[in-house]
Amino acid sequence: MRIAEARTIVTCPGRNFVTLKLTTEDGTTGLGDATLNGRELSVAAYLSEHVCPMLIGRDAHAIEDTWRYLYNGAYWRRGPVTMTAIAAVDTALWDIKGKVASLPVYQLLGGRCRAGVTVYGHAHGETIDEMLDAVQGYVDRGYRAVRVQCGIPGLPSTYGVGRDALFYEPAEGGRAPREETWSTRRYLRAIPEAIAAARERFGPELELLHDVHHRLTPIEAAQLGRALEPHQLFWLEDPVPGELQASLRTVRRHTTTPIAIGEVLNSIWDCEQLIREQLIDFIRMSVVHSGGITHLRRVLHLAELHRVRSGCHGATDLSPVCLAAALHLDLAIPNFGLQEYMRHTPETDAVFPHAYRFADGLLHPGEVPGLGVELDEAAAERHPYLPALLPVARLTDGTMHDW
Ligand code: GCO
Ligand code: MG
């Protein structure tokens, strides 16, 4: 079965999404998410200028060979743009294979290992009380795990604290990114109190998580991890930028708070040391930014050998196509940990009608053949691309910092 058409579709139903649509000669279609927040058109161009032409006439069933054709065959390897483009092709081919086999993708991946996919929601507030109210909202909706983020006194804005309670979206329009101010000292002083308050109010059962978003040095991260130990976090996310994998040794040496890293990593080579040395507890790479189902499954199999569990990135800048792909993988891998679930807006859900459903704290990918997500192209056209960028962060003295 040959690929007859390959097209990228860019749409902005509240935020930008890039989607690859493959069509085979018998008319079967497959979708792959290709969204790289704030750099969307670079992947759209990589696909339409360089990848789509070479897909025409290829065997749609040859998923592994196509992956190698695009990765090993490109000479220029890794990196978010390349790996997102490869992921889009790979995901679309799994979608097609599922449709042809009349099976949901999780069945092709080995079948169900659990009843459903436990997810965590994002609770945030400018104050601790607002944050606790937001956590209560998730508990009332049946969530079993909640990420908690809270405003830091003295900072005008803080990562993870959005203007809308449910639909947090940091990317904004404009020619240059918005600039935020960051103070590690203020953050380290304030955040343990917020997490202690959440644990005290919600008791020992609710899983609590927190995202540092790459802001600390290894020894600062070690201090924070140690300070949070009494509050039993499910994970502390991205305490340091994970580029220098060995830096996690310092964090590990000083704290037993579980560590999750991976949303900006793109290949098995970016996390191999983290996993092999058991420097993390959860690997958070996403299907869309790490070469698709084929490559992320390889990472997760390596992780399983070292007792590292999954925690797939699931922010709203990953489209419903990516979320569905993650859910199929989550259901089928032995070492599932937790899945992030930031709900998409109703406009996004209308552009991407999908089979996955939330119930009692779990997401279920559904039994529709393939991924179970479609793209309503007429609806997509009503939302043209709007340039938007993630913010940047500066220290109080003006020094550029990690956002
Ligand atoms: C998360 C992430 C996101 C990222 C976003 C960047 O844990 O969900 O940190 O909020 O900031 O995906 O595009
Ligand atoms: Mg994160």
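These entries record what I looked up on a metal site, a threonine and a sheet in a predicted model.

Conventions. I number residues from 1 along each chain as its sequence is written, and letter chains from A and number ligands from 1 in the order in which they are written. Local features need pLDDT of at least 70, side-chain atom pairs count only at pLDDT 80 or more, totals for chains, interfaces and linings use all residues, and side-chain values use heavy atoms, with hydrogens and water left out.

Metal site. I found the magnesium ion (ligand 2) coordinated by Asp211 (OD), Glu237 (OE) and Glu263 (OE) at 2.0 to 2.3 Å. Donors are N, O and S atoms within 2.8 Å of the metal (3.2 Å for Na, K and Ca); water is not among the atoms, so sites may look incomplete. Aspartate 211 lies in strand E7 (residues 207-211) and glutamate 263 in the loop between strand E9 (259-261) and helix H9 (268-276), so the pair ties together parts 52 residues apart in sequence. Helices (H or I, at least four residues) and strands (E, at least two) are DSSP runs, numbered from the N terminus. I noted aspartate 211 as buried at 2% relative accessibility (under 20% relative accessible area, 1.4 Å probe, protein chains only; exposed is over 50%, partly exposed in between). Glutamate 263 is buried at 11%.

Threonine 255. I placed this residue in the loop between helix H8 (248-254) and E9. Threonine 255 is buried, at 5%.

Sheet. I traced an open, mixed sheet of three strands in the order E6-E15-E16 (strands pair if DSSP finds at least two bridges between them). E6 and E15 (residues 392-395) run parallel, joined by four bridges.
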